[in-house]
Amino acid sequence: MSAAAGQLSDLGRARAQPARAGAQQSRWSHLLYVAPFLFLYVTLLVYPLFAGFWLSLHKADFFGGSRFVGFENFVRLSNDKVFIGAVGNTFYFILLTVPALAIIGLGLALALNRTTPTAAFLRGVFFSSSVLSVTIVTLLWKVVFAPDGGFLANLFEAFGKQPVAFLSNADLALPAIAITTIWWCIGLPMMLFLAALQQVPRELYEAAALDNAGRWKTLWSVTLPSIRRTFALVIIIEVVLQFQLFGQAYLMTQGGPNNASRPLVLFIFEVGFTRWDVGYAVAAGQILFGLIAIAAMAQYFVARRKEAF
Amino acid sequence: MTTQLSSGAVGRGLGDRVILAATIALAIVMVLPMLWAVGLSLKTNAELLVDTNSVLKAPWTLRNYYDILIGSGVFRWLLNSIIVSVGMSLGVLALSSLAGYGFARLEFPGRNVIFVLVLFGLAIPEQAVILVRHQLFSDLNLHNTYAGLMLPGMSAPFGVFLMTQYFKAIPTEVDEAAMLDNASRFKIFWRVLLPMTLPAQATLGIFTFLHAWNDYWWPLVSGTNEQMYTLTVGIASTQMNFAESAGLGYLMAQAVFAGLPILIVYMFFQKYIVRAVSGAAA
C-alpha cells in the first residue's frame, strides 16, 4: 500500500523519466540510501528498547546472570521509597524550573525584541550559558553555593548573616539545583519566544495603535494571544528536557542529603551502573520512557495544530 | 523596525528605561558566576584557602593556568572531545543526508511504513536504552574507543527527520531537469541537491556538535579509561574530589580552560548556533 502511495506521488517524475526498465530492481537498490542509518537505528535504538522491555522482566546483573521474574521489578519499584521519592523529586523539579523558564524567557524576549546593538549584546549574554557543558555549569555554581568561601556565603557574611549550606540542606538542595538549571537553560525559551514575536503580524500592532491601545493593553490583547502556541510548545519542550535531570544532581549533591535531590534518571543511573541491578534499572527506565512519551505526544499535537491554537 | 517591542507605538520613555535597567541587572546576575570562576582561577590556592574574598584584590597570578599547561590531562581530553564531536557530526550529516534523500525522493518497498517507524524513534529517550546499549557495546568491545563514543549519537533519528523535510521542500523540477541530462540518481543527489541543503547541514552539524561536546552520561559510562575521557567527563572527574586535592584556583582554571573554546566558537558563530539550537527544538 505504501508503495502504491509512493507511486502516486511520483507520477510527475515518472513522466520525466522515459526509461524505467528494471524499475523493480532499482527500487530495491534505493534502499541502499537509507540502509546505513537504518542499520544503526535498529541496532542501537530499536533493539535496546525492545531488549529493555524483555530485560525489565528479569532479575539481571551486569555479568550475565539472568532469571525471569515477570513483573516483580515493577512491583518492587512501586514499593521502593527511594524510587517513589525520586519520581516526586522529578515532578517537584519540573515545577520549580519549567514555569520559571517560560516566564523569564518570555519576559526577556519581550524586553529584547528590538534591533538595537544593546539588545543584541544582551541576547548573546543570556544565551551564552546554554553552550557550556553540564560539568562546567555545576563547577561554577558549586563555588557560588559553597558555604565555606562561596560567592553567596561571602555576600551573606558581608551583610552580617550566617552563610547557608544550600547543597547540604534537604529543603534547599533541589531549589539550588533548579536555580543552576534555570541559569543554564534560559537561552532556549528566550530564543523560541523571540522567534515567535517576530512572526506576529505587524498589522495587528498598527490596528491596536489606531485604537489607542496602551502598552499593557496591546501586550495583553495582541502579543500574548498571538504566541499562545509557542508558549505551549516551550512548556512541553522544557518538561521533556527537565524530566531528564541528571548531571546537575549527580555532580552537585549526589542526590543527597537523604535522597532529597535524587531525580528519576539519577536513580536509574545508580541502580544500573553502580549497583548493577540491571533488570531493575531498566524497569525504572520504562517508567521514564512512558512519562516522556506522553509529553512527546503532547508536543506532536501542539506542533501540528498550526492555526487552531 | 526599530521598536517592534511588545507594546507597539506607545512611549519609549520611562517604562522602556526601567525595563532596560532590569534586563541589564539580570544580565549581570547571568555573568557573575562566570566572572567569579575567572577571578578564583587567577589566585593561588593558598590564598583562597584563607579567604576567597581576596579575589577582589591584587596580586593575581596565571600560575594555575601554567600548571594546567605543564601537567594535566586537559589537553588529551580536549583532543578527545574534538575527535568525538567532529566525527559524530560528520557521521550524522552523511547518514542523515543519504537517508533524507532516500525518504524524500526515492521509491522503495515499505518506504512510508519505515519512515513512520523512524519517526517513532524521536520519542525514545536515551535513558530508556542506555543500559542495554552499554551491555551491547561491552559484548562488541567498543567501550573506550572513539567509535564507541560516536556511534550512539548517529543512531538518533532527528537528523533524518530534518533532512527529509528539507529535501521534500526542494521542487522536484530540479531533479527532473537533471534527469533529462541523463544524470544518475546518485549524481543528482551529490552534485545537484546536496549543495542546496547547506543551511540544513549547518543547523544539523552545529546542533550535533554541541550535543556531542556537552554529552555527559554516555561518555561517563563508555569512556571510562582516563585516556579516553572527553573534556566534559574529565572536568567532572576532577570536581568529584572537590577542592581537596588540586585546589580551588586550579579547578577553576580548568573550568575556564574547558569552557573558553566553546564560548569563543559561540562568539563567532552566535547567529548560526542560536538558529541551530532553537530550530532543532521546535
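Which residues have the most contacts inside the largest nonpolar core? In this predicted model, they are Phe193(A), Ala284(A) and Ala255(B).

**View 1. The largest nonpolar core.** This core has 161 residues. The element that gives the most to the core is H14(B), with 14 residues. From chain B, at least three residues come from each of domain 1 (14–67) and domain 2 (72–240).

**View 2. Surroundings of Phe193(A).** Phe193(A) is among the residues with the most contacts inside the largest nonpolar core. Leaving aside residues up to four places away in sequence, Phe193(A) touches Gly105(A), Leu106(A), Ala109(A), Ile227(A), Thr230(A) and Val234(A).

**View 3. Helix H16 of chain A.** Helix H16 of chain A covers residues 278–304. Its 27 residues should span 39 Å at 1.5 Å a residue, and the end C-alpha atoms are 38 Å apart, which agrees. Buried residues in H16(A) include Val278(A), Gly279(A), Tyr280(A), Ala281(A), Val282(A), Ala283(A), Ala284(A) and Gly285(A). Leu288(A), Phe289(A), Gln299(A) and Val302(A) are buried as well.

**View 4. The contact between chain B and chain A.** On the two sides, 88 residues of chain B are in contact with 89 residues of chain A. Helix H14 (residues 248–281) of chain B gives the most to the side of chain B that touches chain A, namely 14 residues. That side of chain B is made up of 59 nonpolar, 24 polar and five charged residues.

**View 5. Domains of chain B.** The domain assignment of chain B lists domain 1 (14–67) and domain 2 (72–240). Between the C-alpha centres of domain 1 of chain B and domain 2 of chain B there are 38 Å.

Definitions and conventions. Residues are numbered from 1 along each chain as its sequence is written. Chains are lettered from A and ligands numbered from 1 in the order in which they are written. This is a predicted model: local features need pLDDT of at least 70, side-chain atom pairs count only at pLDDT 80 or more; totals for chains, interfaces and linings use all residues. Two residues are in contact if their C-beta atoms, placed from the backbone, lie within 7 Å. Helices (H or I, at least four residues) and strands (E, at least two) are DSSP runs, numbered from the N terminus. Ala, Val, Leu, Ile, Met, Phe, Trp, Tyr, Cys and Pro count as nonpolar, Asp, Glu, Lys and Arg as charged, and the others, Gly among them, as polar. Domain bounds come from an automatic or database domain assignment. A nonpolar core is a set of buried Ala, Val, Leu, Ile, Met, Phe, Trp, Tyr and Cys residues joined through C-beta atoms within 7 Å. A residue is buried if 20 or more other C-beta atoms lie within 10 Å of its own, exposed if 12 or fewer, and partly exposed in between; C-beta atoms are placed from the backbone. The expected span of a helix is 1.5 Å times one less than its number of residues.
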